[in-house]
Amino acid sequence: MRYQNATAYRFLAPYLLIFSIFWLWPIIDSFLISFQATRTVPWRFAPTFNWGRLIGDPAFFNALKNTLLILVIQVPVMISLAIVMAVLLNSPLLKARGLFRFAFFAPVVVGEVAYSAVFRLMFNLDYGIINKLLNSIGLPSVDWFTNVTPAMAVIMMAVTWRWAGYNAIILLAGLQSIPEDVYEAATLDRVSKVKQFFYITLPLLKPIIVFCAVLSIIGTMQLFTEPFLITERGGPGGGTETLGLLLYRQGFRSLNFGYASAIAYTMAGLAIAISLVQIWLTREPK
Amino acid sequence: MAAVTLKNVIKRFGVFEIVHGANIDIDDGEFVVFVGPSGCGKSTLLRMIAGLEDISDGEIAIGGKVVNDIEAADRGIAMVFQSYALYPHMTVEQNLSFGLRMTGNPKADTERRVKRASEILRIAELMKRRPRQLSGGQRQRVAIGRAIVREPQVFLFDEPLSNLDAELRVQMRVEISRLHKELGVTMVYVTHDQTEAMTLADRIVVLNAGNIEQIGAPLDLYDDPANRFVAGFVGSPKMNFLAAKIVGADNGAAVVELVNHRGARLRKPLSDALPAIGGDVVLGVRPEHFFDAGQGDCDLTLKADVAEHLGSVSYVYANSGTGGGREELIIEREASRHRANGDDLVVSIKADRSLLFDATGARIR
Amino acid sequence: MTSHSRVSRSQARLGRSIVLHLFLTPLALVWLFPLWMMVVFSTMPDNGIFSPDIELLPHGNFLDNVGNLQRGTNFIGAIGISVSVAVTYTFLSVMLTSMAGWALARYNFFGKGMVVAIIFGTITLPYAVVLIPQFIMVARDFKLANTWVALIVPPLFNSLGVLFMRQSFSMMPHELFDAAKVEGVKEWRIFLFVALPLARPMLAALAIILFLASWNNYLWPLLINSKPGAMTAPVALGTLIGLTKVSWGGIMAGAVMLTAPMLVVFVLLQRHFVAGIAAGAIK
């Protein structure tokens, strides 16, 4: 093939420049900083300073535990819900399709701050609309933000509300790329609709489901705004503190960049592990 | 105007060599067609002449100048693409003038050239339309017009008619022939359709699997193919190939036994050295070269399977029955409206209307 | 027999259709509820929000709430910054991204495999890894904190957008570009005058997604432009959440002002929106 190095790199130059300055170097720098003691100026090389602290830090394990807990519950629930939304939105029997699409897809455009504010207000103990509605059907109020379990539930509900439609859009596009005649053939073979879903739709959709799951996991792993704004800096008492929030507190409140970098690299390690699982899950069968 | 010379041109993609040393001399003003089945390397060869593919080895010259390292735009060529490659967001006029505008050609000259092209192709009334508002044939004209506007020394056509329906294809074929006469410019034309090649070309280059099988005038290829591949590729319907054996020799002629036709024998005079007795050969007979029983040198008794009546002629699909192996043959007969299923059919072949090939496919003359 | 089975078939369809709508309608209402409440809250006085009554319909206090909001922080000014930043960012990012996508779609060059590997690699890399050095570099080394450059330039790198544009360009018939090349048109002109006009729908999708990402971006602007007067609208709004004496009606009015324009764009350009997200244009 003809090589056109000069032309190609002229088109790539601005992109690669931005990449080098704002991504490539920071990736390396972050790694280096994680081995430095950064609480006093000048910083000094101290390989076990941050990593040693990390292994013994209950705050880190608390954040890790909370993050994993949210991951394990919220992502499967959201992806399942997104699949249901996509499949039902794709049904030829659906009327007022535009309205339903709007309902599920609209949260995609809502900013984190705006919806955090709304959720915070909706789940207010005394005046929140959720508790008022619970009371009106005879149920007691829930003290959403002073107990860990309901606070976690609010975070998970908020994230699910915000991102289920986003995943449904991707899954719906995947559904629409499955040729109609596959289903027609199955119908002629007397395969029921339910079986068609489990034996045709799901297997054909699997790579896209895995893609959605990985993007969601990596997004949820970095969860910051929701515990920052909805549950008031990871409250109650660190009960909803995530790795993202811990990183923020260490890095930008305590200005302890070395320790924050170690936390960041832990997240990267998790992300790489999850990507490897994705590659393994979507590998072509031999 | 210019001659095009290919000297031992080789194309490799990685470790795969897909053109194995092509030597072709195209005269100034000549219409040459590259023809062959898909994947034979004909389009690659054309794209190398155009400068859209690098030349891995060898040399291409246009107008006596080696162009290996010259950019496509500076080779004095213009190309018409299979998909027409019209810019969908521009009007016909903008499509025609785009290249000239982009390279800073003087405005008045651009307008003159666009006007001339539109007159030659009779598309003046389409100038303000966009490609999607045009029919297939009109798009084809615009694509050719875009080539004319460049006033090239060499026109390159890459399967330009393959997206048209049968009727339009015939019409545009005539049009391209007319254009060649009018402009008198060298044209190189790639197609997989041997009918197009036969009707358009001054000379045809037959390609197969990256090799040039034969170069020659259309009727020379038809009458005197160099090998079994060319014999089979040129002519429609295809030439029949009958399995045969050399069973004797006398006086500069080989005696050939058709092994699937109950020992039928043909005496075939040859100018080459006679092949060894007992050797396997193949006898090629075109569908139009079967005669009525007794009129030729050797009669064959066949069973007719299906007949296609085209009006002017009929093609009978027949088989050799169960004598030896079963062999399928296509035979052209005068138009007849008889049913053919299972009928016995006796036809005759002639030594001078048949071709002999050895087991490797090479011609024995 | 046939007419009987036709009736039962259409009855079965009707049944399934009813079940479908019975399930989907409540779900849709639940999904719309937070947005609806955002609107309702933004039109209520604070003493209405914090009253024991259930209020599900809008009132008429929106403009008062905007006034309350503006008293707490210069929200209108912050919106101005957000708009300018998002517009500039979108333009630059679309150019950068489509140029890179074009290079990957059209040329063979030394190191191409490497560039593609980098782009794929960064899709799954958490942003957290680059956040701290990015901040140190921009704030301490370049001294660019609280400037527009700090808001616009570092987020310019995005990987899914490049893959989307590469895909878009490679799906175009390459003969179009060959034709221009044979005519002697320079590569950058082929890009500008042939490829980009043909990619218009894809560019629209990309631009919408990028604009939205910039408009809603929170963490990076929170860190780098924290000075009053340099804040983007989400950051300015975020500073109010959690304060004790604050007008929640005002905060909700701000939330509506952030969200409503995007919803309008979403409704008008849903097709491009969906295309952009479906192609995984950006996280």
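This is a predicted model: local features need pLDDT of at least 70, side-chain atom pairs count only at pLDDT 80 or more; totals for chains, interfaces and linings use all residues.

Q: What box do the C-alpha atoms of chain A fill?

A: Roughly 75 × 75 × 35 Å, taken along the principal axes.

Q: And what share of chain A counts as buried?

A: Of its 286 residues, 44%. As for contacts in chain A with a separation of 6 or more, 70% come from residues 24 or more positions apart.

Q: Helix packing next. At what angle do H9 and H12 of chain A pack?

A: About 175 degrees, with the axes 10 Å apart. H9(A) covers residues 193–221 and H12(A) covers residues 257–281. Angles over 145 degrees count as roughly antiparallel, so H9(A) and H12(A) are roughly antiparallel to each other.

Q: Which residues make that contact?

A: From H9(A), they are A:Val210, A:Val214, A:Ile217, A:Ile218 and A:Met221. H12(A) brings A:Met267, A:Leu270, A:Ala271, A:Ile274, A:Ser275, A:Gln278 and A:Leu281. By class, the contact of H9(A) with H12(A) has 10 nonpolar, two polar and no charged residues.

Q: Switching to chain B. How many helices and strands?

A: Chain B has eight helices and 21 strands. Its C-alpha atoms fill a box of roughly 75 × 50 × 35 Å along the principal axes.

Q: How much of chain B is buried?

A: 39% of its 365 residues count as buried. Take contacts in chain B between residues at least 6 apart in sequence: 65% of them join residues at least 24 apart.

Q: How do H3 and H4 of chain B cross?

A: At roughly 140 degrees, and their axes come within 9 Å. H3(B) is residues 107–121, and H4(B) is residues 136–149. That makes H3(B) oblique to H4(B). The crossing is right-handed.

Q: Which residues meet there?

A: On H3(B): B:Arg113, B:Val114, B:Ala117, B:Ser118, B:Ile120 and B:Leu121. On H4(B): B:Arg141, B:Ile144, B:Gly145, B:Ile148 and B:Val149. The residues of this contact divide into seven nonpolar, two polar and two charged.

Q: Now chain C. Into which domains is it divided?

A: Domain 1 is 3–62 and domain 2 is 73–240. Their centres, taken over C-alpha atoms, are separated by 37 Å.

Q: How many residues of chain C are in contact with chain A?

A: 71 residues of chain C, against 80 residues of chain A. Helix H1 of chain C, residues 2–42, gives the most to the chain C side, with 14 residues. That side divides into 55 nonpolar, 12 polar and four charged residues.

Q: Last one. Is C:Ser214 buried or exposed?

A: Buried. C:Ser214 has 22 other C-beta atoms within 10 Å, and the cut-off for buried is 20 or more. C:Ser214 sits in helix H11 of chain C, residues 200–216.

Q: What is C:Ser214 in contact with, neighbours within four places in sequence aside?

A: C:Val85, C:Ala86, C:Tyr89 and C:Thr90. By contrast, C:Phe62 lies 26 Å from C:Ser214, C-alpha to C-alpha, and 152 residues apart in sequence.

Methods
Residues are numbered from 1 along each chain as its sequence is written. Chains are lettered from A and ligands numbered from 1 in the order in which they are written. Axes are lines fitted to C-alpha atoms, for helices over the stretch in contact, and angles run from 0 to 180 degrees between N-to-C directions. Helices (H or I, at least four residues) and strands (E, at least two) are DSSP runs, numbered from the N terminus. Angles under 35 degrees count as roughly parallel, over 145 as roughly antiparallel, 65 to 115 as roughly perpendicular and the rest as oblique. A crossing is left-handed if the near helix is turned anticlockwise from the far one by less than a right angle, and right-handed if clockwise. Two residues are in contact if their C-beta atoms, placed from the backbone, lie within 7 Å. Ala, Val, Leu, Ile, Met, Phe, Trp, Tyr, Cys and Pro count as nonpolar, Asp, Glu, Lys and Arg as charged, and the others, Gly among them, as polar. A residue is buried if 20 or more other C-beta atoms lie within 10 Å of its own, exposed if 12 or fewer, and partly exposed in between; C-beta atoms are placed from the backbone. Domain bounds come from an automatic or database domain assignment.
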